[in-house]
Amino acid sequence: MKKNSMWSFKLNTAALVLIPAAVGINYLGKLFAGLLKLPLWLDSIGTCLAAVLAGPIAGAICGAVNNIIYGLTMDPISTVYALTSAFIGVAVGVCAYKGNMKNINGAIITGLIAGLVAVVISTPLNMIFWGGTTGNVWGDAAYAWGIANNLPAFLASAIDEIIVDLPDKIATLLIVFVIYKGLPKTLTSLYKNSEEIESLDEEENHLENM
């Protein structure tokens, strides 16, 4: 039997159907957080769920598409952060493939990893397009504090991102963990890589013909 590759681009029908649904979840989460001025983004729940179910490629696609759509309809600068969202999807997909989403502790660790990925990629983008701020009132308050205390702008911007992204991604992965554990096995099995399903069918046919 061939081993399923987490980097396969052969997304099955279930994964393809999941992508627009995940993008919609991201979109609504970001709008919800923005309207309520929450200290979280809540814009990657769908991305992370897709990554856990269907792998890092599906997660990356969801993340990138979400930011592009949001950028075209609400905030043009959001398109720039498609890179961040794509890498969040990849990071979560890899962690899930390695078994990190089997328990709460693993989900928290995955959230920390996703948060750090977001900080590393978004901080330079914040410096280029926003002068170091994130647009989140809570994080930007930390940025203002850092500048007022003569911290380098890049460090103040990184602190801004950390304050927002780490709690956000931990909360997001805990939400995804609850959703994932609540899904029936018959549904989650649909998102297995099509190559693995085909290889299983081939093996069964071989056994039947013996």
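1. Helix H1 covers residues 13-35, and its 23 residues reach 34 Å from first C-alpha to last, close to the 33 Å expected at 1.5 Å a residue. That expected span is 1.5 Å times one less than the number of residues. Helices here are DSSP runs of H or I with at least four residues, strands are runs of E with at least two, and both are numbered from the N terminus. Please keep in mind that this is a predicted model, in which local features need pLDDT of at least 70 and side-chain atom pairs count only at pLDDT 80 or more, while totals for chains, interfaces and linings use all residues. Residues are numbered from 1 along each chain as its sequence is written, and side-chain values use heavy atoms, with hydrogens and water left out.

2. A word on the whole chain. Of its 210 residues, 46% count as buried, where buried means under 20% relative accessible area, exposed means over 50%, and partly exposed lies in between (1.4 Å probe, protein chains only). Among contacts (heavy atoms within 4.5 Å) with a separation of 6 or more, 72% join residues 24 or more positions apart.

3. Back to H1, which has a feature worth a look on screen. The helix bends by about 25° at Ile 19, and Pro 20 follows within four residues. The bend is the angle between axes fitted to the seven residues ending at a position and the seven starting there. Buried residues of H1 include Leu 18, Ile 19, Ala 22 and Val 23, and also Asn 26 and Lys 30. An α-helix has 3.6 residues a turn, so residues three or four places apart point the same way. The cover over the buried residues of H1 includes helix H2 (45-54) and helix H3 (56-73).

4. The stretch after H1 deserves a check of the backbone. Just after the helix, Lys 37 takes a positive phi of about 55°. Leu 42, in the loop between H1 and H2, also has a positive phi, near 55°, and is not a glycine. Leu 42 is buried, with a relative accessible area of 13%.

5. Is Asn 150 buried or exposed? At 71% relative accessibility, Asn 150 counts as exposed.

6. Next, H4. Its 16 residues reach 22 Å from first C-alpha to last, close to the 22 Å expected at 1.5 Å a residue. Buried residues of H4 include Ala 82, Thr 84, Ser 85, Ile 88, Gly 89, Val 92, Gly 93 and Ala 96. Gly 99 follows H4 with a positive phi near 95°.

7. The crossing is right-handed, meaning that the near helix is turned clockwise from the far one by less than a right angle. From H2, Thr 47, Cys 48, Ala 51 and Val 52 meet residues of H4 including Ser 85, Ile 88, Gly 89 and Val 92.

8. Thr 172, in helix H7 (residues 153-182), is buried with a relative accessible area of 0%. A polar atom of its side chain lies 2.8 Å from the backbone oxygen of Asp 168. Leaving aside neighbours within four places in sequence, Thr 172 is in contact with Ser 44, Ile 45 and Cys 48. Asn 126, in helix H5 (residues 104-130), is buried with a relative accessible area of 1%. Not counting residues up to four places away, Asn 126 touches residues including Tyr 81, Ser 157 and Glu 161.

9. Finally, Ala 142 in helix H6 is buried, with a relative accessible area of 11%. Ala 142 and Asp 160 are 18 residues apart in sequence and 5.6 Å apart in space, C-alpha to C-alpha. Beyond four places in sequence, Ala 142 touches Ile 159 and Ile 163.

Technical notes:
Polar contact = N/O pair within 3.5 Å; in protein donor to acceptor, adjacent residues only side chain to side chain.
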